[in-house]
Amino acid sequence: METGTGLVRALIAAVDHKCDLINMSYGEPSLLPDYGRFVDLVNEVVNKHRLIFISSAGNNGPALSTVGAPGGTTSSIIGVGAYVSPAMAAGAHTLVEAPPEGLEYTWSSRGPTVDGDLGVSISAAGGAMAPVPTWTLQHRMFMNGTSMSSPCACGGVALLLSAMKAEHLPVSPYSVREALENTCIPVGGSPEDKLSAGQGLMQVDKAYDYIQKLHAVPSVRYQIKITQSGKSAPTSRGIYLREADFCQRSTEWTVKVEPKFHDDASNLEQLVPFEECIKLHSTGEGVVKAPEYLLLTHNGRDFNIIVDPTTLSDGLHYYEVYALDCKSPWRGPLFRIPITITKPQAVKSRPPLTVFKGMSFVPGHIERKFVEVPTGATWVEVTMKTSGFSTARRFFIDSVQISPLQRPIKWESVATFSSPSSKSFSFAVEGGRTMELAIAQFWSSGVGSHDTTSVDFEIEFHGISINKQEIILDGSEAPVRVDAEALLLLENLAPAAVLNKVRIPYRPVDSKLSTLSAERDQLPSGKQTLALLLTYKFKFEEGAEIKPYIPLLNNRIYDNKFEAQFYMISDTNKRVYAMGDVYPETAKLPKGEYTLQLYLRHDNVQYLEKMKQLVIFIEKKLDEKESIQLSFYTQPDGPVIGNSSFKSSVLIPGAKEAFYVAPPAKDKLPKGVAAGSVLVGAISYGKVSFGVNNEGKNPEKNPVSYSVSYIVPPTPIDVDKGKGSSSTCTKSVAEQLEEEIRDAKIRVLSNIKQSTDEGRSDWKKLSISLKSEYPKYTPLLAKILEALISQNNFEDKIHHYEEIVGAADEVIESIDTDELAKYFSIKSDPEEEGAEKTKKKMDTTRDQLADALYQKGLALAEIELLKGKKVVDKEDAKAVEGSSTQPDLFEENFKELQKWVGVKSSQYGTIFVIRERREGRLGTALKVLSDMIQEDGSPPKKKFYDLKISLLEEIGWAHLVSYEKQWMSVRFPPSLPLF
């Protein structure tokens, strides 16, 4: 998939290499048309550097307003629709019988844009024999889409440019676009077909003839800005009357036309003398009225248009106001102002039902029905019945509504009828807004049968209006009241809600702002692109299925003012588990610690500075047993008292009913969810007549569901904690003060950095001083042992490991093992006063003892390896002098460790593997080590795999040694990949 970084770098390369043409076949729906960082850079490339940018309009048809960004929504880009000719249908698609005339593919995206621009500029052949990867075991295959029509158009323009350069004609994207659009052959016989095919099928030869006559005319584009008279915002590029209110009255619009020259145009030679006498024409005088003449200079002119749709019938109507040069009318339109009117029919019957009977379909035919969705409707149930055919029929069914500052609300389905039958669908709608229902028989479906398909379409509107579009439970015990009302007909109110995800917020632990290389990331304007790298840390105690969520940036590529966003999730070994961009994907992570790096780019340092504390969420999916089904009550105290639960009822039109959504019980919250995290899920209120029967377990399967969230509160305070210890405390104030001073000294010792000689010297002096002051205090001795183990800049290895053995012995000697053994051999009463505190103390002491024995065993093994012989205690050696057997200090230590912990666990298993290896039992050692690796569950530990390779080498299995070494670079990469 395309990325912001890749797109921008491609623009930079195109300018650097002095390209004439750009083709791009990427695209997606957008929040705002003609908006975004990439669009700004494209405008600069086209207007300043004179590149011609051609792009696909999209494959989301046949409904209106489905053109994608940037090809169908950007003024400086030539958007291309997909056309199929009879010859292509017969030859490339190998149809039994070709259509009688060419037409747009059914799936080709249609205009207008949400701000009224035409959307599709021209059309070109939408199929091609395209090269494909060799893994397909063929060189080429036939493919279709606007990804084919766009390069086809680009190739045609390349021929045009080649001829222009050969004849030394000036090349400008403005003149080329004018030539292309004014020489197209119209596709279809009605004005509304322009919304599908643009100005028509491009004609390279006619465009060349046009260009030859145009060379003496200045290269100008005409920027159109339209506002409703009396208002300054919003501005649009066309007039799009879609909602019922605008279609029932006359409206006046102010049009501002500004001629725009290329950035290098001369003020005196081109801008000042520019003057055009323009004659304005309306294609629908009875509906659209415009002035007759306009004198246009460089500074532009305003004029008004009056649109009166009151006399129009229901349905789609398309008009244009176009401008002709009075001195050169042969040029055709200099600019066009598209006026699209979708006059909806009202639903007046009760129950609210709309039926379209006897619609006739042939291959490629599209029926567009526009309906004013009744206020209060939230979903529709649709039944489609087909008849009158003998071979299979394939239909595209689309529904589109447009709401401000949203992507077009679209529902789509592809239905195949093998024989006359009926199918039912349900989908969400927004009440009070016009809904387009586009039903299209696929362009090649039924070709050759000559049967006309008859379709009956029945739409029944349903709705439950609620007072809260989003339920937010604030973490308290209070429920949230919901008012529900059915405005249209009797509805079954049956609420269902589930919390099935948890979002954990994180702020960056580090941020780095850097300047990128001028070679790849210097913009055509000369500005330097900057990068902000944000680092986040998180940890999972068990495996999880997660997805990063960045509310500010996600799900927008083109309609985003930030150039790029990348993220990368890696473990402590620098192994990457997930990468992504604006559309994060779910990743499965084993337990362990992880780093997420987020990479943002822009040339404005102030924008990036504001993002240094950007909050992201790690969204963790809860499994079915952790998901929380919320309860409903008829009384506000219901969640506490436990009665008055609410299950369902029947809503009578016009009568409100209220109920409460209860927060989840605290004991139902997923384990380990921290305060401030947000549990999220969905809530639904109604039931459809068919298709959904999940007993309320998954509201997201309902055609209409809303967001519900619960903010996790702070954990409850254990009021009983510490009561026993405080009441029975017999220590004096002086003793307590002495303990606090001792613990403070140990903390200071732990915080001393040993990375320098001075730090090591200070640590050693303080450790000796503290040992003399507290010679038998186990926590101090354990901290000293821990610090010795962490040292890695020593020269005499044997001496270092002997120091570890000595420190471990001091820990072991400080512990009364008899008392420890006695405690764990007797089952204590957990309800006894002080039992919890005693248990915690004994568990800590046992862990300190086990760790000391474990580290001592590892150190002894290292000393053996370095000396090449077994380590024995000197006093024990003298005692058994002359005996045939010598004491084995490692074995004695191992047997002592075995008394306290399981030596085959991943925490202590290394010592068991070393022991088996010492005894020559290499197979057992390898098996235990493999079990440790598999059972650990966290990111792999390099020391385990190094030990495994050494065991395999000792066994002599060279093939497995080679295999494991190859995998080491994957498991433990030397560094993270670059963004």
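User: How do strands of a sheet pair in general, and what is the strand order in the open sheet of five strands here?

Analyst: As a general idea, the strands of a sheet are paired through hydrogen bonds of the backbone, in either a parallel or an antiparallel sense. In this predicted model, the open sheet of five strands runs in the order 31-32-37-34-35, and its pairing is antiparallel.

User: Which strands are the edge strands, and by how many degrees are neighbouring strands turned against each other on average?

Analyst: The edges are formed by strand 31, residues 510-515, and strand 35, residues 576-580, each of which pairs on one side only. Between neighbouring strands of this sheet the average turn is 15°, with direction ignored.

User: How many bridges join strand 31 and strand 32, and what is the bridge partner of Asp510?

Analyst: Strand 32, which covers residues 530-540, is paired with strand 31 over six bridges in the antiparallel sense; within strand 32, Thr535 is the bridge partner of Asp510.

User: Which residues lie nearest the centre of the largest cavity, and which strand gives the most to its lining?

Analyst: Of the 13 residues that line the largest cavity, Gly4, Glu563, Ala564, Gln565 and Val582 lie nearest its centre. Strand 34, residues 564-571, gives the most to this lining, with three residues, while the lining as a whole comprises five nonpolar, four polar and four charged residues.

Technical notes. Residues are numbered from 1 along each chain as its sequence is written. This is a predicted model: local features need pLDDT of at least 70, side-chain atom pairs count only at pLDDT 80 or more; totals for chains, interfaces and linings use all residues. Side-chain values use heavy atoms; hydrogens and water are left out. Two strands pair if DSSP finds at least two bridges between them. Helices (H or I, at least four residues) and strands (E, at least two) are DSSP runs, numbered from the N terminus. Axes are lines fitted to C-alpha atoms, for helices over the stretch in contact, and angles run from 0 to 180 degrees between N-to-C directions. On a 1 Å grid over the protein atoms alone, a cavity is a set of points where a 1.4 Å probe fits but cannot get out, and a pocket is an open set with protein on both sides within 12 Å along at least five of seven lines; lining residues have an atom within 4 Å of a point. Ala, Val, Leu, Ile, Met, Phe, Trp, Tyr, Cys and Pro count as nonpolar, Asp, Glu, Lys and Arg as charged, and the others, Gly among them, as polar.
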